[in-house]
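Here is a brief report on one protein model. It moves from the overall fold to a helix pair and then to a pocket.

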Amino acid sequence: MKDSKGLWQSCQKYILEQVGQEEYSRLFSRVEFETYRVANMTLVLRVPSSYIYEEIETKYIDVMRVAIFNTFGKIRLSWDIDVVESSKGKGWVLEGNDETMAPDQSVLAAKENIEQQQYAQAPGSANGTNLPPIDTQLNPMQTFRTFIEGTSNKLSRSVGLSIAEHPNTTQFNPMFIYGPSGCGKTHLVNAIGNHCKKIYPTKRVLYVNARTFQLQFTNATHTGQQNDFISFYQTIDMLIVDDIQEWSTALKTQDAFFHIFNHLFKNGKRIILVSDRTPAEMEGLRERMLTRFSCGVMTEMHKPNKQLCIDILNKKIARDGLTVPQEVVEYIAKIADGSIRELEGVINSLMAYSVVYSCNIDMALVERVMKRAIKTDNAPLTVDEILEHVCRHYEVTPNTVKGKSRKREVVVPRQLSMYLTKKYTNIPISRIGKLIGSRDHSTVLHSIAIIEEAISNDKAFAREVKEIERGLDVKKRAK
């Protein structure tokens, strides 16, 4: 038997045959054999950047699996990626998991045979003939690998991964994901679709925005192709529809989707729906649609807390090869106020400014570009905005703060919300009390006095309040 490095060279030959010289030179020639850990049967490969790793993971992971399985057997694959200098040394390792484990080809063959039988019997495929392939419309870069898990998305991610790996079960169907803009809903559903397609290549997976679906339907109606439109969608194995709140006034579109939904659901096909609100909150949605949307599993995604924002930023910074001080990272996390889109917008703007003006990324540069990277609102701050911002900092919910709990971890954000509302709005004291848990006038004044005293006597708390106010500064400056 060849030594481990010799086995890797055999893998390289197979990969070269599969991908061609050009792609091999661009990507795989830069992959180096690191070690083969016999104890835990793990192959470790080194690549010079996360870009190379993600390109291989996105486009050629199946080729890698077959190559490794044919030479090493069923083992785990880890990547040692040279990205940044850290306290643990240069680079970091992504430990192998079920996504990177090389396949047992006999199992794959059996699975493929089952898939082909199911595919031949799929509705919409006349007499069992194979349907032509479709463009999934998925973003190949939005995968579970690039999706950072946190408390705000843990349930949705877990359910989504289960659906991707077991699309033939009826559990969690349909899946309805809701949450505010910028919390990562679109990334997650793309990850579900990409992962399912990687495991089950014959599955007809389609991602579509609700507005695109509506335009397609309108065009089909005008051209007399309405039946063809519905028939096409009835052939999909996993249908992902984003931003369905757009249909709140589109009754004819709702009727068309109702028939598609019923057909797919009855035949055990997967349906994943995404919205910025719950079905019950979507005015104009027909009752029969509400019933069907609610019959599976509903998961809520929240805006990421500060730590998750920092983790997302660090991941993107490492992927882009940037050097950003940690104090800047933490400040950006506060500025973005829990929006992943705004986090990415800030980093992209910083990178552009750094390149164009040949300057370091520091706090001064962040303050210079944040007005352009973060959308400001000309309207003054509201109680709800302040309360949500404070609650995110302390990792409690607004409903808890408005409740009757006297625990310190609830009382502090409640009192601080009252203090900041008095400071940054013109809302009367009595009104502040009613909006934050139906407290009376004297309670609000007492809360404000306690916060003012704490700021004067506790330097650590004063710094904490200043940090929270920095996060509100983006909106405050527009007043």
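## Contacts and burial

Among contacts with a separation of 6 or more, 72% join residues 24 or more positions apart. This is a predicted model. The chain has 479 residues, and 49% of them count as buried. Its secondary structure comes to 20 helices and nine strands.

## The α15–α17 pair

Helix α15 spans residues 383–394, and helix α17 spans residues 408–424. Their axes come within 9 Å. They cross at roughly 145°, and the crossing is right-handed.

On the α15 side, the contact is made by V383, I386, L387, V390 and Y394. Their partners in α17 are V412, P413, L416, S417, L420 and T421. By class, this contact holds nine nonpolar and two polar residues, with no charged ones.

## The largest pocket

The largest pocket has a volume of about 800 Å³. Its lining counts 26 residues. Those nearest the centre are E300, H302, K303, E388 and P398. Two elements give two or more residues to this lining: α15 and α16, the latter covering 398–402. Helix α15 gives the most, with five residues.

What is the class make-up of the lining of the largest pocket? It divides into 10 charged, eight polar and eight nonpolar residues.

The contact with α17 has no charged residues, whereas the pocket lining has 10.

Definitions and conventions
Residues are numbered from 1 along each chain as its sequence is written. This is a predicted model: local features need pLDDT of at least 70, side-chain atom pairs count only at pLDDT 80 or more; totals for chains, interfaces and linings use all residues. Side-chain values use heavy atoms; hydrogens and water are left out. Axes are lines fitted to C-alpha atoms, for helices over the stretch in contact, and angles run from 0 to 180 degrees between N-to-C directions. Helices (H or I, at least four residues) and strands (E, at least two) are DSSP runs, numbered from the N terminus. A crossing is left-handed if the near helix is turned anticlockwise from the far one by less than a right angle, and right-handed if clockwise. Contact means heavy atoms within 4.5 Å. Ala, Val, Leu, Ile, Met, Phe, Trp, Tyr, Cys and Pro count as nonpolar, Asp, Glu, Lys and Arg as charged, and the others, Gly among them, as polar. On a 1 Å grid over the protein atoms alone, a cavity is a set of points where a 1.4 Å probe fits but cannot get out, and a pocket is an open set with protein on both sides within 12 Å along at least five of seven lines; lining residues have an atom within 4 Å of a point. Grid points are joined across faces, edges and corners, and a volume is the space filled by probe spheres set on the points. Buried means under 20% relative accessible area, exposed over 50%, partly exposed in between (1.4 Å probe, protein chains only).
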